[in-house]
Structure formats: C-alpha cells, structure tokens
Amino acid sequence: MKFKKIFAAALRYPLNIQTFALLLVVNLTFSYYGFYLVTNPIDVQSLPALGTSLTPFVAANVIVTIFLMALYIDNAAQYFSGRRKSLLASVATAKKKFFRLLGTELLVMAITILTSLPFVLTRVAPSLDAIALTGLAVGTASVVIVSFFLSLAPYIAVLDKLGVIGSLKASIKIINKNKSRMFLFWAIYLCSAIALGLAVVAL
C-alpha cells in the first residue's frame, strides 16, 4: 500500500468546485453532529419526545446521506481508475446501489450498537464508578475493533456485486489479510476526521 500515492490522489480528487463544495458541506455537517452527540450526555427521559420531533429530519438525512455516499464512492473510484466522470454521471449508480448501501450501513450500525452497550450503560448510570470505567473500556475497544474490520463494507457494497452480508464478510477478509497497513491508513483517516471535527466544534 503506497500511502503517498493514495493521499496525493485523494487530495487531487476534490479540486473541481462541484466536488469540493458538496464534500465540504457533508463532512462539516457530520463532524459537527458527531462531536455534539459524543460531548453531550444523553437524557434518557427526553428520548421519546426527541425521537418524535426528529424522525422526519432523521429520515430525510439518512436518505440524502446514503445517496451521497454511493455517489461519491462510485465517482471517486472512477477518478482513481483514470476515468474522470462528473458527479452527475454517478447518479445512476447511486440510485442502483442505494438500498444495498442502506442495508449495509444499517447492519454495521446495529452490530456497532450491540458491541457498544457497555459504553451506553456508563452514560445512563454514571454513579457506578467501577462498572462505568470497565464498561467504558470494553465498549470503546469493541467499537474500535468492529468499526475497523467493517470499515470497507460500504465501499464494497457500491463497487462490487456482493450483497449486504457478502460486503461485511469481504471487508473482514480483506482487512484481516492487511491488518497492519489498513490500521495505519485507518488511523490516519480517523485522526484527520477528529481534527476536522474539533475545528468545526471550536468555531
């Protein structure tokens, strides 16, 4: 894996204005909401009312997000293969792979939530110090491991002909064969995303 080549190409990809503008808006939005959820304790009693009021927004946000993910995954893949298509040229693929990508993301999310239950318990019952610390450590480690091994699933769902389960299995298989290099790549990507999120929250 040639990191210099990969990141150089990644930096060149969004140079045209239509790609850059949309990428910037999407990444800033997700970074802001991600850090908001992490830095604000969950009030369990307010969850029903909050869920009802946010349902239409969340549904619309999920649809737009999944569509944009499929759009950019296909468009970036075409760019890196030497065929520079406009974003509009990737719309057909985004429509075709929408439900497959949606199913993949939902399954990844469900698995991640199940593995993060110890961490969730620490947010609900912060008075249990010993249990909270243990739950925090176990939950965080579980989320990191699961996220790492399933991180390629969305890309495989769009770029390959595999289904939802097949995409998850392929992601685990590919990363398991290239653990050290993929972990380094993933760590660089994650640190970049965190730095961007911190910059947005600080604004």
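**Close-ups of a predicted helical model**

**View 1. The largest nonpolar core.** Twelve is the count here: the largest nonpolar core has 12 residues, namely I66, L68, A70, L71, Y72, I73, L87, A94, F98, L101, L102 and V158. A nonpolar core is a set of buried Ala, Val, Leu, Ile, Met, Phe, Trp, Tyr and Cys residues joined through side-chain atoms within 4.5 Å, and buried means under 20% relative accessible area (1.4 Å probe, protein chains only). Two elements, helix 3 (47-80) and helix 5 (98-115), each give two or more residues to this core. Helix 3 gives the most, with six residues. Helices are DSSP runs (H or I, at least four residues), numbered from the N terminus.

This is a predicted model, where local features need pLDDT of at least 70, side-chain atom pairs count only at pLDDT 80 or more, and totals for chains, interfaces and linings use all residues. Residues are numbered from 1 along each chain as its sequence is written, and side-chain values use heavy atoms, leaving out hydrogens and water.

**View 2. Who touches F98?** Setting aside neighbours within four places in sequence, F98 is in contact (heavy atoms within 4.5 Å) with I63, I66 and F67.

**View 3. A second core.** Seven residues form another, separate core, among them L152, A170, I175 and M182.

**View 4. The chain as a whole.** The protein chain has 10 helices and zero strands (strands being DSSP runs of E, at least two residues). Of its 203 residues, 26% count as buried. Look at contacts between residues at least 6 apart in sequence, and 71% of them join residues at least 24 apart.

Notes
Buried means under 20% relative accessible area, exposed over 50%, partly exposed in between (1.4 Å probe, protein chains only).
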